[in-house]
Amino acid sequence: MAIKLPIYMDYHATTPVDPRVVEAMLPYFTQHFGNAASRNHPFGWEAEEAVEKGRKQIADLIGANAKEIVFTSGATESDNLAIKGVAEMYREKGNHIITCVTEHKAIIDTCKRLEKEGYRVTYLPVQKDGRISLDALKAAVTDKTILITIMAANNEIGVIQPIAEIGAIAKDKGILFHTDAVQIVGKVPFNVNDLKVDMASLSAHKMYGPKGVGALYVRRRNPRVLLAPIIDGGGHERGMRSGTLNVTGIVGFGKAAELCKQELATDAERLRRLRDRLNDKLHENLDEIYINGSMEHRLPHSLNISFAYVEGESLLMGINDVAVSSGSACTSASLEPSYVLKALGAGDDLAHSSIRFGLGRWTTEEEVDYVADKLTSVVTRLRDMSPLYELAKEGVDLSTMQWQTEGH
Amino acid sequence: MAYSNKVIDHYENPRNVGSLPKDDVNVGTGLVGAPECGDVMKLQVKVNPATGVIDDAKFKTFGCGSAIASSSLATEWLKGKTVDEAMAIKNTDIVNELSLPPVKIHCSVLAEDAIKAAIADYKKKQGVERSAEKAAQPTA
Ligand SMILES: Cc1ncc(COP(=O)(O)O)c(C=O)c1O
Ligand code: FES
């Protein structure tokens, strides 16, 4: 079978919309276009019914009650709402938040803003495997801690945090627990009750739904979580998020959730096999390549590898018919290399050499083989012109060398 | 990032990749940049002692496509130039030839630094070598 180029292997960034999702959405653009808040006519009723169906489909995927789903414009907004909403609502109780250094910017930058407003934030480090230490988490808790927010799975390295254990600690200490579950939901079983999660951020476009729609799961019982809204207006979504609902988006999000629920087990198994095939082939063909983050606690469709002695941007240039991401950003261009990879303590040189692979619903074995072969030849070629590879082969320890860095 | 055709050409068909014997007195080696910055360039020149003309140049680069192209182009330009002419190569010449965008200017700066470092190394070796010869003569 001929392969269609370019190959998309960046499913952590976004996913294509499943055609079955598109089909479900179409009637809601022109036929059933009503405003779900219009209570006086069938157009509004139809729209509301569609929204409630979507709400139920999403709730079912994560073991929640439909009433616990608050629709947003995406996970960035969900993260903002969870953190700012709790911070304002529970200000009397305390002003301390615990998060982690490898969180998505939507979490980190929200926390930074709160710090300016007088909140205190602890950014837990991660271990070499990309996971936080539970002891460090327990030690960080104070009587002023009102929120723990730790992502379920990381978007760069695919590492899954010990969510159930964190949930248990939060519950034990009576602290609310939010998790950015964007990368995990729909890919790996995720149940808010089993994991004792109080809030979870979701995004449709990471699970074969449309862009621009997301949700925040907000627990209603045991405990009942209260959030101050960050957007004021008509009081939609039980007062937590005003604004006319994105009906088509929600229909698509709901359908996408239903499909994920049906296909999760088979998809995950198939992708794990393909991901392992890619990893095995690369390891067979190339020396000195390193997996970033835990292999054991990892999303099945995810792989992040550093190809030592080769710079990421030049590597991407060589595989320009494959869409992947690199953690490299030459500091001389005043861009920082990936803060997530740096947090693993791998060293900036390996951060510069990293590629993130994200496989998905339409990834084929032929594509995996093509990518493995292509990378092998490009890495080999670039190493032949790498002064670092040459020095390493001569037995020079690069970490003890004196580098002339001033001015760059 | 969109690359110019010249950058792509140098990236895909780099000129003069390789190494010259770094202990040779007529070879100057420059190694600039740092792995943690995402760029390291090694550039070498071999000078004909009789004429002072660079008759070979080689490079190896760890860095982005523009860094690879800048060093590849530098080796092309170095061949046939005298040491003094080589010192006159400016990073802006490289920027213009390769149509580098502003964020990639430092890749060309690195290439200029590599040229200067290689020539400095050559001159140092020549100086040291000559004084070694002088010092050696009386006892011979
Ligand atoms: C972990 C994580 N959180 C949040 C987001 C933001 O989601 P959205 O694009 O829906 O705002 C992303 C997507 O880049 C993500 O990967
Ligand atoms: S060497 Fe830094 S971006 Fe080119």
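The legends below walk you through a few close-up views of this predicted model.

Residues are numbered from 1 along each chain as its sequence is written, while chains are lettered from A and ligands numbered from 1 in the order in which they are written. In this predicted model local features need pLDDT of at least 70, side-chain atom pairs count only at pLDDT 80 or more, and totals for chains, interfaces and linings use all residues; side-chain values use heavy atoms, with hydrogens and water left out.

**View 1. The largest pocket, about 280 Å³ in volume.**
A pocket is an open set of points on a 1 Å grid over the protein atoms alone, with protein on both sides within 12 Å along at least five of seven lines, and its lining residues have an atom within 4 Å of a point. Grid points are joined across faces, edges and corners, and the volume is the space filled by probe spheres set on them. Among the 18 lining residues, A:Glu52, A:Arg55, A:Glu237, A:Arg238 and A:Leu245 are the closest to the centre of the pocket.

Helix 3 of chain A gives the most, with four residues. Helices (H or I, at least four residues) and strands (E, at least two) are DSSP runs, numbered from the N terminus. By class, the lining has seven nonpolar, four polar and seven charged residues. Here Ala, Val, Leu, Ile, Met, Phe, Trp, Tyr, Cys and Pro count as nonpolar, Asp, Glu, Lys and Arg as charged, and the others, Gly among them, as polar.

**View 2. Where chain A meets chain B.**
Chain A brings 31 residues to the contact and chain B brings 34, with contact meaning heavy atoms within 4.5 Å. About 2700 Å² is buried between the two chains, and carbon and sulfur atoms give 62% of that area. Buried area is the accessible area (1.4 Å probe) that two parts lose on being put together, summed over both.

**View 3. A salt bridge between the chains.**
B:Lys104 pairs with A:Glu313, their closest N and O atoms being 2.7 Å apart. Four salt bridges are counted between chain A and chain B, each a side-chain nitrogen of Lys or Arg within 4 Å of a carboxyl oxygen of Asp or Glu.

**View 4. The largest cavity, about 70 Å³ in volume.**
A cavity is a set of grid points where a 1.4 Å probe fits but cannot get out. The lining includes A:Lys187, A:Tyr208, A:Asp267 and A:Arg361.
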